[in-house]
Amino acid sequence: MKLHQQYLLLHNRFGYMAEHEATLSDLAELLDCTHRNTLTIVKKMAACSWIRWISQRGRGRRSTLTLLVPAEQIAAEYMMQALNRRELQQAAEQVRAFSSSTMMQEHLNQWLLGYSGHHTEAGEHNECIDTLRLPLQQQLHALDPLYINLLAESFVTSHVFDGLVQRNEQGDIIPCLAHTWDISKDRKTWLFHLRKGVLFHNGQLLTAEDVVCTFARLQSTERRTLYRDVSKQIMSIEALNSLTVCFRLKTPHELFLPFLSTSRAAIVPSDSTMESGSEQSVGTSALQKPVGTGPFKVTLWDEHLCRLEAFPAYFQGRAHLDRVDILQIPWSAKTERGDYAEAETPFFHLVHNPATAAGTDWTQISAGVTVRKLLTCNTQKTGPLSDPEIRAHVHACITEGNQSTEIPFALDEPIPLQLATIPQYRKDAVLIAGRLEKYGYACKIHTATMEQFKGQLRLESDLILFSLIRDRDEELRRSDLYLTLSEHLDESTQTSVQTMLQTVIESALTADRAAGLEQIEQFLLDRNLMFHLSEKPVETAYLPSVRGLSFNSQGWVNLRHIWFPSGSASVGD
C-alpha cells in the first residue's frame, strides 16, 4: 500500500501525463528515502505501468518522468486494499482530496459491487459460511434501542432485538415475544403472556422482569426518544409472574400496541449495562455489543464494521444467512439515488433508492414506503412568521407556483429568517434560502445533529426542515410529528392540535384515526404552518439471486428470511 502513497506524492508534485525532467536525487528527497530505495520504487511503478521513466546516466543529467495513471485510480486502489485490511481511517485520510472525484467514485463503486453482496467463506473448521456484505455510508453511533436516532441504526437493531409484538409484511400486528395478550374493557389494562424458553444472546432466559426493566429504563430517560408521549402514558408495569406482564395506562391509548412493535420498545435484558438517560453513557458505552433476543447477534462492532451472526437458538427459527457484515464506508458517494439516499445509504445486492441505470440484471421493487420532506413554521417565537400573511407569502415563494409572490407589505430591508435542519438536508435548505432571498428574505441556515435538532434549536428558529417517513408505522409517526410540531406553535394553535390528537389516540377504529390525522394535517396546511416540499418512494433493487425477500414495517429488507441458492455465490475473494 505504501507504493500507492508514494505515487500520490509524485502526482501531487508532477501532475498527470506531462513529461518532467527529474533526477533520482529529486525523487529521493520528495519520497524521503535513500537513492537505492528510490530506484527500487521507480522500477516497481514502471513494472505496474504507472509511470514511464527514461533514465539518463551521468552526474547532473536529468531523466524523464511521465505519470501514466490518474491519481483518482491509484487512490481508489489504495482504498480498496484498505477496505480488505479494515484500515479505513488511514485510507480515508489519504484519499480525502479525491472524495469529490467522479472517476474515483466510479472505481470505488465498481469495486464495492464485487466486494459486497453474497459470498461463501470457509470457517475455522472448513465449513461454508454464507455471508452478506452491506456497505453502509452512515456511521452507526448507537445500537441500544434507547439511543438510536437514524433509520440505519433502526435497521440493525430490528435484527438484534425483538418486541412483545411485531408487524407482518401486510402491516398487521402479530405476536412476537408475547404469544398472546388480553385487554380490559376500559382498554387501560394490558396483560402480555410471554413465550417460554426464549433466550437472549448471552444465554439468559427472557422473563417478565426484563420487560419491566426495559420500560422503566425507557420512562426514566430524559432523552427525547421517538414516540416518547406513548411511553409516558404507562402508569405502571408489573411482573405478575415470570411470564406475565401487566401494563396499566393513564388513559386509553390506541397507539400503545403499535408502539410496542417498534424498535423503541425492543426488550433488553434486565442487567443491561447502559445507564438510562445518561448522556455520558452514550459516549463511553455506545460501542458496547448489544444483547437482544433477535435472529442475529452482534459479534463485532467498531467504527468501521458491524458484524451480525445468526443466533442458532432464535425462537422463531434460525436465519438462512450465517453472517452479515455491515461495513461503514468513510466517504460520501456522489450517486444519483434520490433525496432519501442523502439521509440513508445505498446497499449493494439489496439496494435502497437504486440508480435508474442500475443495470438490466437488477430487479426493482417498492416496499410501500415514502419519504415526505416538510417545512414547518415556528409561531411560538416572536417574529415575522407570527403574521399569517407573511407565512402565506413564504409558502408562495418556496413553491414558486401560480400564486402571487409580490410582497404584501412595505419592505425597508430584507426580513431575517432562521432555518434549522439536519446536515443531510442542508442542500434542500440552501435551495429554499435561495428562493426566499429573491423575494425579500434573508435566510440564515443552522444545521445540527439529530439530538441537537430535537432540542432548543427548533424553538429558536423560524423555519424547521425535516422529513416524515410514511411506512407501516405511519399513525405513530404522524402523531409524533404533529405533537412535536405543536411545541413550536402559538398557544391557541397548539391547544387545537393537541385536542385533535387526543381524539385520534382515543379512537378505536383505524378509519377514525386516519380521518383525525388528515384533519390535523389540513388544519396546519390551511394556516400555512406546514408546507409539503416533496414526496418520493423508497425502493429496493436486488439481484435475481436473492430469494425470500420480505420487508419489515419500515420498508427495510428482513435479513432473517433472505437466502441465496448454491451457485449464486462466489467462493472466496
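The model is predicted: local features need pLDDT of at least 70, side-chain atom pairs count only at pLDDT 80 or more, and totals for chains, interfaces and linings use all residues. Residues are numbered from 1 along each chain as its sequence is written, and side-chain values use heavy atoms, with hydrogens and water left out.

The secondary structure comes to 19 helices and 21 strands. Helices (H or I, at least four residues) and strands (E, at least two) are DSSP runs, numbered from the N terminus. Of the 573 residues, 51% are buried. Buried means under 20% relative accessible area, exposed means over 50%, and partly exposed lies in between (1.4 Å probe, protein chains only). The accessible surface of the protein is about 26000 Å². Carbon and sulfur atoms hold 48% of that surface. Accessible areas come from the Shrake-Rupley method with a 1.4 Å probe; for residues, only the protein chains shown count as cover.

Helix H1 covers residues 2-14 and has 13 residues. Its span from first to last C-alpha is 18 Å, close to the expected 18 Å. The expected span is 1.5 Å times one less than the number of residues. Buried residues of H1 include Leu3, Tyr7, Leu10 and Phe14. His4 and His11 are also among them. Just after H1, Gly15 takes a positive phi of about 85°.

Strand E4 spans residues 117-122. Of its 6 residues, 5 are buried, so E4 is largely enclosed by the rest of the structure. E4 and E5 run antiparallel and are joined by 6 bridges. Two strands pair if DSSP finds at least two bridges between them. Thr120 stands opposite Asp130 in E5. The hairpin of E4 and E5 has 5 residues between the strands. Within this hairpin, Asn126 takes a positive phi near 65°.

An open sheet is formed by 4 strands in the order E8-E9-E11-E10, with antiparallel pairing. Strands E8 (178-183) and E10 (234-241) stand at the edges. Each has a single partner strand, so one side of each is left without a neighbour in the sheet. From one strand to the next, the twist averages 20°. Strand E9 (residues 189-194) and strand E11 (residues 244-249) are joined by 5 bridges. Phe192 has Val245 in E11 as its bridge partner. Helix H8 (residues 208-220) packs on the sheet and touches E9, E10 and E11. The direction of H8 makes about 165° with that of E10. Axes are lines fitted to C-alpha atoms, for helices over the stretch in contact, and angles run from 0 to 180 degrees between N-to-C directions. E8 and E9 pair in the antiparallel sense over 5 bridges. Ala178 stands opposite Leu194 in E9. The hairpin of E8 and E9 has 5 residues between the strands, and Arg187 there takes a positive phi near 60°.

Side chains of opposite charge can pair when their charged atoms come close. A salt bridge is a side-chain nitrogen of Lys or Arg within 4 Å of a carboxyl oxygen of Asp or Glu. By this rule, the count comes to 21 salt bridges. Asp144 forms one with Arg217, with the closest N and O atoms 2.5 Å apart. Asp144 lies in the loop between strand E5 (128-136) and helix H7 (151-160), whereas Arg217 lies in helix H8, 73 residues apart. Asp144 counts as buried at 11% relative accessibility. Arg217 counts as buried at 10%.

Arg187 also forms a salt bridge, with Glu254 (2.7 Å, N to O). Arg187 lies in the loop between E8 and E9, and Glu254 in the loop between E11 and helix H10 (256-260), so the pair ties together parts that are 67 residues apart in sequence. Arg187 is partly exposed at 29% relative accessibility, whereas Glu254 is buried at 10%. Another salt bridge joins Arg318 and Asp322 (2.8 Å, N to O). Arg318 is partly exposed at 39% relative accessibility. A network of salt bridges links Arg372, Arg470, Glu474, Arg478, Glu518, Glu521 and Glu535.

Ser479 is found in helix H17 (residues 474-486). At 9% relative accessibility, Ser479 counts as buried. Not counting residues up to four places away in sequence, Ser479 touches Leu255, Leu501, Val504 and Leu517.

Technical notes: Contact = heavy atoms within 4.5 Å.
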